[in-house]
Amino acid sequence: MKIDLNVDVHHLTRVEGHGNIRIVIKDGEVKEARWDVVETPRFFEVMLKGKHYSTAGILTARICGICSIGHCLASLRATEDAMGVIIPEAAARLRLLAKHGETLQSHWLHLFFLAAPDFLGLPSALPLLETNPEVVHLAQQLKGLGNRICDVAAGRATHPVSLQVGGVARMPARERLLALRDDLQRSLEYIGKTADLLRTFRIPVFERETEFVALKGETEYPWIGGRLVSTDGVERAENAYREMTNEYVVKDNTTKWCRLSRPSFAVGALARYNNNHRLLHPDAARAAADFGLVSVCHNPFMNNVAQLVECIHVTHDSIRLIDELVADEKAPTMVDVTPRAGEGVGAVEVPRGILYHHYEYDENGYVVRANCVIPTTQNNANIHLDLPALAKQFAVEGMTDEQLTLLCSMLVRSYDPCISCSVH
Amino acid sequence: MSYLGIEFSELRIAVFDFTGCEGCELQLANKEDTLADFLRVLKIINFREVSSVGGSDYDIALIEGAISRSDEVERIRTIRARAKVLVALGSCACFGGVNKLKNAYDLAEANREVYGDDPKETLPVRPIRDLVTVDLEIPGCPVSKAEVEHIVQHVILGIPYQFPVYPVCLECKQRYTVCRFEHGQICLGPITRGGCDAPCPAGGLGCWGCRGPAADANFEEFFSLVKARGFSDREVSERMNFFGAFEVRK
């Protein structure tokens, strides 16, 4: 039996940014399998040069419309590291709350609007408005809450305004925090219904062994700063991020690629889960077990489940943070900053994985050099290498071009790639 | 479809992204309390970020991002030829946005710094209006979804939409936000077009001018104000150049 299959996806839909998939199978043999990023480069690292330290976070937030809070936080951390700034405890809590809001907003956006249509046999979530309004209602409630948390903690969900070098500009009003707390508590029921929906999805059975990189949690599931760890046993300090990423330029791609112990590695919800699952809230751990998510999981499609598990964890953790914030609402949220020459690194777990910003400042606080390593940049080589393995496994009798196209598209979407980000 | 007894047809729209962060598109899916109603009045013909259906029989094209590569030049011309109405959505599409900061650097040098010996194609960043006729510009970084909804309501009902002519300052007063200058910060609120509801000053950050100049902005008074408050020329021009929305100040 001759198996000939072709996949040619130009500008994959339901992902952020522009990428292409190409697969050629002849006589059952994978001749070609590629993931190419063709996004227009923006040169943020160059634009940062000569900018004031207070501008860096505002500028780099614009790298990404979905994880602007994460970029801003990595930027602030790098600047504060360079200038020896220690932010107040209340500011750290507010930043983490903003981060949690972004994780919820982004994960729900991905699960409901980008990933779910494939599992429901739909081209988009839009037909659900008529056929399954209750699912749209769930999405609205959950994603809306994520955005409201960002609004309260960061001043705005996309391109935050209150997150500044030295801390956070203001403590939100008590009643706004408490209203969020009520909404978070209520949202657990909506999350339960979402889990029921996800349980009906048939997640493709596919594994390709790879390495997973994340921040290393010591006492808490990690989001902002700390040591770097991989499932192959590599461990580095935050400022040794270059040894963890090893970025390099590839032909025909505007993104770079990364590698560590193997030709590629993965970051994101599944990588965080694989490295830090012991630190999850019990409800989140229970959901993981319920979905058969076990560390180290090498099925990239399970990133969807890992995102759900993280949403449960983050919802509980947000309630904790609000309780701590309202218990000491007069606490300072800002410290004074004196610019000085120096170098600093900030590592933050953003929805799609670990993000690094690295700046060098002159004595007046202007950027001399900058480097940003984006999660999807780290995932691109892994996606590229998954494709031939996936194609090989599914190049079986009865497989059609359309079915394989869908499978390959779903695989890429599982990584929730942020392609504009990866090119920046 | 009808509303309040007024008949209207749904808007056949497409959304396309160019050089940018896709944050303005994301706003279309935000403001969840009215999202279902908003989507019901739109017929989405092409919106790559949320749908795999990609048609070309749209009436209104929303364009996000600026132009910085030759394939983008081709694409925007094709879209212009198809669309009855072309809308620039957000500061990148309207002014070039933060991407335009790149134009101040030597591009060959920039390419070498980021990509080493394997340079990638890149052109100086241009706003959409430099390439094709733009029927409507909705500024903002990101755009305000409330303003987008307001504009859509006007289009549906056939009423001309008028952007505010007043500056952001007025909206701070309406919200009881203490002036950022009183906190010792620089703020472009006095010269920037209102309509965003001033979220930045309320969140503790002076305005960065993402919506461009207000129709009745008093630049002379603004420059004397920032000078009197001791802000340096470098600081003022860094801010005014940030979104490419103001002419470069020498």
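This is a predicted model: local features need pLDDT of at least 70, side-chain atom pairs count only at pLDDT 80 or more; totals for chains, interfaces and linings use all residues.
**View 1. Chain A as a whole.**
Chain A holds 14 helices and 14 strands. Its radius of gyration is 21 Å, close to the 22 Å that the globule rule gives for 424 residues, so chain A is as compact as a globular protein of that length. The C-alpha trace of chain A spans about 70 × 45 × 35 Å along its principal axes. Of its 424 residues, 60% are buried. Take the contacts in chain A between residues at least 6 apart in sequence: 74% of them join residues at least 24 apart.

**View 2. Chain B as a whole.**
Chain B has 10 helices and seven strands. Its radius of gyration is 20 Å, close to the 18 Å from the globule rule for 250 residues, so chain B is as compact as a globular protein of that length. A box of roughly 55 × 55 × 30 Å, taken along the principal axes, is filled by the C-alpha atoms of chain B. Buried residues account for 46% of the 250 in this chain. Among contacts in chain B with a separation of 6 or more, 73% are between residues 24 or more positions apart.

**View 3. The two domains of chain B.**
Eight residues of domain 1 and six residues of domain 2 make the contact. On the domain 1 side, helix H4 (residues 91-95) of chain B gives the largest share, three residues. That side of domain 1 divides into four nonpolar, three polar and one charged.

**View 4. Where chain A meets chain B.**
Here 46 residues of chain A are in contact with 47 residues of chain B. On the chain A side, the elements that give two or more residues are helix H1 (44-47), helix H2 (53-61) and helix H6 (133-154) of chain A. The largest share, five residues, comes from H6(A). By class, this side of chain A has 18 nonpolar, 18 polar and 10 charged residues.

**View 5. The largest nonpolar core.**
In soluble globular proteins, nonpolar side chains tend to be buried together. The largest nonpolar core in this model has 204 residues. Those with the most contacts inside it are A:Ile23, A:Val213, A:Val309, A:Cys408, B:Ala61 and B:Ile63. Helix H4 (residues 89-119) of chain A supplies the largest share of this core, 15 residues. Domain 1 (2-157) and domain 2 (168-240) of chain B both give residues to the core, so it lies between them.

**View 6. Around A:Ile23.**
A:Ile23 is one of the core residues with the most contacts inside the core. Which residues does A:Ile23 contact, leaving aside its neighbours within four places in sequence? They are A:Leu5, A:Asn6, A:Val7, A:Glu32, A:Ala33, A:Leu387, A:Ala391, A:Leu404 and A:Cys408.

Helix H10 (residues 282-290) of chain A has A:Ala284, A:Ala287 and A:Ala288 buried. Seen down the axis of H10(A), its buried residues fall within an arc of 100°, so they line one face of the helix. On the other side of H10(A), A:Pro282, A:Ala289 and A:Asp290 are exposed. The buried residues of H10(A) pack against helix H7 (174-199) and helix H11 (303-327) of chain A. After H10(A) comes A:Gly292, with a positive phi near 70°.

How values were computed:
Residues are numbered from 1 along each chain as its sequence is written. Chains are lettered from A and ligands numbered from 1 in the order in which they are written. Two residues are in contact if their C-beta atoms, placed from the backbone, lie within 7 Å. Helices (H or I, at least four residues) and strands (E, at least two) are DSSP runs, numbered from the N terminus. Ala, Val, Leu, Ile, Met, Phe, Trp, Tyr, Cys and Pro count as nonpolar, Asp, Glu, Lys and Arg as charged, and the others, Gly among them, as polar. A nonpolar core is a set of buried Ala, Val, Leu, Ile, Met, Phe, Trp, Tyr and Cys residues joined through C-beta atoms within 7 Å. A residue is buried if 20 or more other C-beta atoms lie within 10 Å of its own, exposed if 12 or fewer, and partly exposed in between; C-beta atoms are placed from the backbone. Domain bounds come from an automatic or database domain assignment. The radius of gyration is taken over C-alpha atoms; the globule rule is 2.2 Å times the number of residues to the power 0.38. The arc is that of the directions from the helix axis to the C-beta atoms.
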